[in-house]
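Q: Hey, I'm new to this one. Can you walk me through what I'm looking at?

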Amino acid sequence: MDVRGSKEIIEQVVRSRFSDGSINSIYVSDETDYDGDKVLKITIVFSKAFNSDDREKMLGLVRHIRSELVNVEDNTVFPMVNFISYAEASKIKREFA
């Protein structure tokens, strides 16, 4: 499966778990970890500050993403998820622009 297909699945899972509109954007890229294994690097940008409900949903997110990826294809790629706020994402973009 290519990144585009994976990204669609990941977006569906993330947006269904955070259905309150708190997600600003989701970035997915193919990466290789330190051991040479393929991983999907997922960065989820929130449009608001995290709250306790968001933290609860974050805990099981990798499990939900992984199960959907495996259902579609025998996918051995592991998802690595980062969560950042919109303010943090904006600051990062300014620093590297």
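Predicted model: local features only at pLDDT ≥ 70, side-chain atom pairs only at ≥ 80, totals over all residues.

Q: How many helices and strands does the chain have?
A: There are four helices and three strands. Going along the sequence, the pattern reads α-β-β-α-α-β-α.

Q: And what share of the contacts joins residues at least 24 apart?
A: If you take contacts between residues at least 6 apart in sequence, 55% of them join residues at least 24 apart.

Q: Which pairing is parallel and which is antiparallel?
A: E1 and E2 pair in the antiparallel sense, over nine bridges. E2 and E3 go the parallel way, over eight bridges.

Q: What happens in the hairpin of E1 and E2?
A: That hairpin has five residues between the strands, and one of them, Gly-36, takes a positive phi near 90°.

Q: Is E2 enclosed or open, and why?
A: E2 is largely enclosed by the rest of the structure, because seven of its nine residues are buried.

Q: Switching topic: which residues have the most contacts inside the largest nonpolar core?
A: They are Ile-10, Val-14, Ile-42, Ile-44, Leu-61 and Ile-65, in a core of 18 residues. The elements that give two or more residues to this core are H1, E1, strand E2 (38-46) and helix H3 (61-72).

Q: What does Ile-65 touch?
A: Not counting residues up to four places away in sequence, Ile-65 touches Ile-10, Val-13, Val-14, Ile-42, Pro-79 and Val-81.

Q: Now some single residues. Where does Ser-22 lie?
A: Ser-22 is in the loop between helix H1 (3-17) and E1.

Q: Buried or exposed, and why do you call Ser-22 that?
A: Buried, because the relative accessible area of Ser-22 is 1%, and the cut-off for buried is under 20%.

Q: What's around Ser-22, then?
A: Setting aside residues up to four places away in sequence, Ser-22 touches Val-45, Phe-46, Ser-47, Lys-48 and Asp-54. The side chain of Ser-22 also makes a polar contact with the side chain of Asp-20, at 2.8 Å.

Q: And Ser-85, where is that?
A: Ser-85 is in strand E3 (residues 78-85). With a relative accessible area of 18%, Ser-85 counts as buried, since the cut-off is under 20%.

Q: Which residues is Ser-85 in contact with?
A: Leaving aside neighbours within four places in sequence, Ser-85 is in contact with Val-45, Phe-46 and Phe-50. Val-45 and Phe-46 are also among the residues that Ser-22 touches.

Q: Last one: where does Glu-31 lie?
A: Glu-31 is in strand E1 (residues 23-32). Glu-31 is partly exposed, because its relative accessible area is 34% and that class runs between 20% and 50%.

Q: What does the side chain of Glu-31 make a polar contact with?
A: With the side chain of Ser-29, at 3.0 Å. Ser-29 is the residue that stands opposite Lys-41 in E2.

Q: Which residues is Glu-31 in contact with, beyond its neighbours within four places in sequence?
A: Those are Asp-37, Lys-38, Val-39 and Lys-41.

Q: And how far apart are Glu-31 and Val-77?
A: In sequence they are 46 residues apart, and in space 9.6 Å, C-alpha to C-alpha.

Definitions and conventions. Residues numbered from 1 in each chain as written. Heavy atoms only, no water. Buried < 20%, exposed > 50% of the residue type's maximum accessible area, 1.4 Å probe, protein only. Contact = heavy atoms within 4.5 Å. Polar contact = N/O pair within 3.5 Å; in protein donor to acceptor, adjacent residues only side chain to side chain. Core = buried A, V, L, I, M, F, W, Y, C linked by side-chain atoms within 4.5 Å. Pairing = 2+ DSSP bridges.
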